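Have a look at the picture, then go through the points in order.

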Amino acid sequence: MRIAVIVLIATAIAALAYRPQRDPLPEFPRIMIWAWERPEKLDFIDPREAGVAFLARTVTVRGEIVNIRPRMQPLVVAPGLAMMAVVRVESQDPQPGARIAVEHAILDATELHGVRALQIDYDAKASERDFYRGVIQDLRRVLPASMPLSITALASWCEYDDWISGLPVTEAVPMLFRMGAEPYRGAERLRERKCQSSVGISTDEPLAEPPRGRRVYIFHPRSWSREELRAAIQEVRRWQ
Amino acid sequence: MAIRLRNAALLLFLFAGLLSNPPDLSSCGPFLPTAAFSFWTVPEDAQGRFARGQLGIVQPGFPRFYLIIAYRYLAGIGLNAEEQSALFAREVYQTPEAQQPEAIDQWKKARARVAGSAAQPDISLFKSISGDGYYINYLNCGDNAFHNAAKTLEGRIGHFGLQSPVVKQWVAAQDRVFANCSGGPSIPAPLEGTADPLARTDREYQIAAAHFYAGDHDVAEQMFRAIAEDKGSPWSATAPYLAVRCVVRKATLSVKGQGFDRDQLSAAEAQLQKILNDPGRSAVHPAARRLLDYIRARLNPGERMHSLAQALLQKNAQATIQQSSLDYRFLYDQLENGNFGGFKALQGDDELTSWIQAFQAHDAGSAKKAAGMWRAKGSLPWLVAAFSMTHGEDSAGSELIAAAQKVGHDSPAYATVAFHAIRLMEESNRRAEARAALDKLLASDGALMPGSALNLFRAERMKAAADWEEFLNYSVRVPAGTAIAFTQYTGDARPEMEEPDAPQRKPRPGFDVDAAKILNEQTPVELWLNAAQRQTLPQPMRREVATAGWVRSILLGDEKTARSLAPTVQNLAPELKPSLEAYLDAGDARARTFAAVFVMLRNPGMRPYVQVGFGRETPVNKIDDFRDNWWCSFAPDKDGSLPGYYRNASIIGEPLRELYQDGAPKAQFLAKDEQERGKREWSQLATVAAAPDYLAAQTIDWAKSNPSDPRAAEALHLAVRATRYGCSEQKTPYSKQAFDLLHKQYPDSEWARKTKYWY
């Protein structure tokens, strides 16, 4: 009987532990290029090779006051490219009264031509998490079911501070750059389930231990050139 | 069976618990305020002393906004009070969203005077255009649109009366005009021919403006040209200028994000020139000139950059300096990024641009160029540039040091030149000369210097220290400000992003990284005792040295030094006095070690190294919320870097790196045997486990052999706590062992009750 219980437990644990790695964004290429607030001419990207997640707007919240700064630099891409609108949120003591305005500001980005997914980039402090959680829950309710909702995540959210585990997001992209003086080591600690499918890196901070088998979002601190983009894609493919 | 199922469930639960065991602190955030001893990315007191020409040490890390100012002073042009005000006026820093409330507010206030108008519609200033393969947003309605509307409304109220239906109709039409700022098209209807002539001409203008904001630029251009021909229209003088704006919009927006249409911009340039040649249109000449500058920056960036650089070096340029600085930096950014043809588009010899390029590049080629330019021109800007890039082994060194003698104390270059001249002396082993020069400089000018420069001179003097006393003396620095040690990835540096953005801390003396690295990594602990007991360091720094030195000597097993340091720690940190009594009173070495461990367990702020700047700001006996508790292992990882908070405080960054290009300050003032002992002790410290493991192992060992010690239960509880909040690089069994021992040996104690989990 004891052996049977042990076998049962082991089987249950194995069943619980087994999570097939399903790609939550099957419509998107495995490499996504972040196009930040710089003039970007990316019409040389092969749509089969990479997609573009572009900063569409920055929403600033101070208390109940919401300001929206749209992307002010032109972005040119090849027709047919998988496009993801990124909305960056910056806040200082955000109040619940600002939530609807923030949500509208974020939603408007999905109206842009050809946008097939939404990504929110918000480094919410612990005191801002309820606000952020509410925004995400509301957005998920009103976004079309076919529109993936991605968020960027501090590595700590994916390592141990797992407040994002219950959020209705398609993926959380751990950003493994701008984290200190030394390259990030610890991809094996990114154990939060939402953080399993992708990773965010920067071209000016090579990873010491690149995590494999994930969609990679690539940030570049300047406007992309064809050569830089080619080199970045080749490097990522080498270890992806 | 029920019991078995319960046990199985418990097993499952525990297994899940194991899976969720929290690992150590990530290096990601928090972004804590740090002490800025010497500024690198922005001048200290930028709008005050720096703007008045007291430049301190000019750094290549300064944004170009400040380098232009520095150049003007170095070239003898300077800035008058009006130029200073103009450069630092808020408009320079305002982003479009910051402008929104002020401009729209003015319009809303004027509009609110007209009773009976419909509710104010929301206005958004930006328009988005996106299509297959392009995304463009632009500021569609600028400030002037709202100022002009408010002014016109006031005029019409004065002409027709507040209650006039004409005014109400005008407001309704203007609401439609502004609806096109972000949306549209929303075009007001024309007025009947029988309408008041002024109202009719106003409406024609509103219709043209609505088309302009809606993006119907061809229609708008035709309408503005027709208005220009209508001499009866109050808008005929400005209409030609607005027609040109339509052409410019077409030129920049019709190409779907692919730059601009050169032919259309050229046509706009010719039309603007015609307006500027017409004295009858003088009202729009300032706006026309600005638009012409905008066009020329794109059509001929090299020439425009050249003329801006010349404009920036004019005296009494208060009327233009702000715009020139903005445009120049915009063009510089574009050329630097390879846009508009890159730097090869530059035309003619542009002194300012050459200087900025060389000064910021800071490489061997630029050093050679700067030295050549200084020899050829003998000017201060090139002397400063040459100095900042030359090193002790370079042939220009002696020549430059000699030139420095001729730079007077009242020169804006004085601090920069003196700093680098002394640096070169040190780098070429003229250490005694460097010391003498520094002592003279600090005595005569130290009190008047900005803190940022003073700290760098003190760092230089510490590097040249002849003995331990001098080292300690010049290790004392007062932060020049507070900064956030985090660079957001929002793009290019702008002055407004570089201002230290943190609540300013009360300045108190502390160690910068150069001094801390020498103490922590090269100084034997007996000298820590000496530093703690002599009066050279101010009290807070002595306390830091004494407390860290005591922990260090415990970890190194140097009982003699630890016992000597304990009374000093008691004096300098009175809150630790009772705990240290137990240590001093302990009967033998083993008991003393446990007593020391118990003190550390109760005081998470204790660590075997001095901290940099503000250090850990949580009280020594409290757990730090960001896990800056005790110490991490000092064993370097495979690429030689150190884990935990100590790593971030041990890296020599700019501007100290100007003094230590290899990033490694050396305790040359110590005797050879002292240097060796210091090095040996640092290596030995690397063999000590991270605090949670070290403290828990010692505690478990003591509690097992001394179960009746009344401190044992509390110590085991604190050891488990340390494994939760301390730094551990590897999974070790100590947390569970301490937990088990506590619950087995002291099951009824309050400490067992408080310890519900192990980690």
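1. Start with strand β9 (residues 171-174) of chain A, which is covered on both faces: A:E171 and A:V173 on one side, and A:A172 and A:P174 on the other, are all buried. Buried here means 20 or more other C-beta atoms within 10 Å of the residue's own, with C-beta atoms placed from the backbone. Strands are DSSP runs of E with at least two residues, helices runs of H or I with at least four, numbered from the N terminus.

2. A word on the source: this is a predicted model, where local features need pLDDT of at least 70, side-chain atom pairs count only at pLDDT 80 or more, and totals for chains, interfaces and linings use all residues. Residues are numbered from 1 along each chain as its sequence is written, while chains are lettered from A and ligands numbered from 1 in the order in which they are written.

3. Back to β9(A): strand β8 (residues 149-153) of chain A runs parallel to β9(A), joined by four bridges. Pairing takes at least two DSSP bridges. A:T152 has A:V173 as its bridge partner in β9(A).

4. Over in chain B, look at B:V599 in helix α29 (residues 589-602). B:V599 counts as buried because 21 C-beta neighbours sit inside 10 Å. B:L576 is 23 residues away in sequence, yet the C-alpha to C-alpha distance to B:V599 is 8.0 Å.

5. Leaving out residues up to four places away in sequence, B:V599 touches B:L576, B:S579, B:L580 and B:Y583. Contact means C-beta atoms, placed from the backbone, within 7 Å.

How values were computed: Buried ≥ 20, exposed ≤ 12 C-beta atoms within 10 Å, placed from the backbone. Contact = placed C-beta atoms within 7 Å.
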